[in-house]
Amino acid sequence: MRDLAELWRLRERSLKKARKPARLGDPEGLHDLRVALRRVSATAAALGRKEVAREAKSIVRSLSPQRQLEVDRQLLARLARLGFLPPDAATALAARWEKLAARGTRKIARASDSREVRALLRRLRKLAGQDTAGTGSGIARLERARRRAEEAIALPLDGKDDRALHRYRIAVKRARYLAEDLAALGLRAWKSHAEREKAVQDALGRWNDLRMFCRRLAKSRDEAEERGAVTLAAELERLVAVLEPTIASVRKAAVEASRTTSSVVLMKRVAAEG
């Protein structure tokens, strides 16, 4: 069984690895940087390092608009290739979003090499040197945090509103990261939980990406109307209408996926109480 020092080193290596592509403006680098920071936050919160958890979460939040813009641009390019938008409308919209992305790229580069990220890496190195013992108590902390995370995903999403789905998406992500921490410390039984929850997280992620993309389309439609770009506004209105059934279908699939995770959590709870 590995000690907690190895877990902190793992978090440090992941964060360090994600910084370079993010500095170079790679969209996937931004994704990897945010994932590495979220993992740091989940691990630190579970192990009582609240300040580290807060710092990591704060950086993630500051980069959320840029990540969503990258997702939206990818979806726009895909839909344009499939012919859901006329070439002139797709080009006009892509140009406007490109200007936003250019500003965001500079912000990402600054954030990945910021004082806050460098300080976080120093903290992780320090924790790797400090937590050389007490692995048993660390595992107990992680397991308690995991049980708390399970409470938020114990019930399926049937009949829930979009806000509940969004909260569930965040909760299942946290539960998965904690399961992966426990697996990394040698408790391999947690690996299957993490894999199952990743599937649910991905399903909810697809729904959330489409939902947020449609919000940006609606905002761009309103902006087009305000500046008199009537044709573009009409095309965006049509695209939003076309995507609504797809979003509903993806949402339904995510809700169905949540049933598996919730049933496993409930069975585990019943077995523990029995």
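## The largest pocket

The residues lining the largest pocket split into 19 nonpolar, 10 polar and 18 charged (Ala, Val, Leu, Ile, Met, Phe, Trp, Tyr, Cys and Pro count as nonpolar, Asp, Glu, Lys and Arg as charged, and the others, Gly among them, as polar). That lining has 47 residues, with Arg34, Arg38, Arg169, Lys173 and Asn208 nearest the centre. Two or more lining residues come from each of helix 2 (27-46), helix 3 (50-81), helix 6 (135-151), helix 7 (162-184), helix 8 (190-226) and helix 9 (230-273); helices are DSSP runs of H or I, at least four residues, numbered from the N terminus. Helix 3 gives the most, 15 residues. The volume is about 1,600 Å³.

How the pockets are found: on a 1 Å grid over the protein atoms alone, a pocket is an open set of points where a 1.4 Å probe fits, with protein on both sides within 12 Å along at least five of seven lines, and lining residues have an atom within 4 Å of a point. Points are joined across faces, edges and corners, and the volume is the space filled by probe spheres set on them.

## What the model is

This is a predicted model, where local features need pLDDT of at least 70, side-chain atom pairs count only at pLDDT 80 or more, and totals for chains, interfaces and linings use all residues. Residues are numbered from 1 along each chain as its sequence is written, and side-chain values use heavy atoms, with hydrogens and water left out.

## The second largest pocket

The second largest pocket holds about 220 Å³. Its lining divides into 3 nonpolar, 1 polar and 6 charged residues, including Trp97, Arg103, Lys219 and Glu223. Helix 4 (87-112) and helix 8 each give two or more residues to this lining, and helix 4 gives the most, with 6.

## Alanine 89 in helix 4

Helix 4 also holds alanine 89. Alanine 89 counts as buried because its relative accessibility is 5% (buried means under 20% relative accessible area, with a 1.4 Å probe and protein chains only). Beyond its neighbours within four places in sequence, alanine 89 contacts Leu232 and Glu235, contact being heavy atoms within 4.5 Å. The C-alpha atoms of alanine 89 and leucine 232 are 5.7 Å apart, though 143 residues separate the two along the chain.

## Helix 3 and its kink

Back to helix 3: a kink of about 45° sits at serine 64, shortly before proline 65. That bend is the angle between axes fitted to the seven residues ending there and the seven starting there. After helix 3 comes glycine 83, with a positive phi near 85°.

Definitions and conventions:
Buried means under 20% relative accessible area, exposed over 50%, partly exposed in between (1.4 Å probe, protein chains only).
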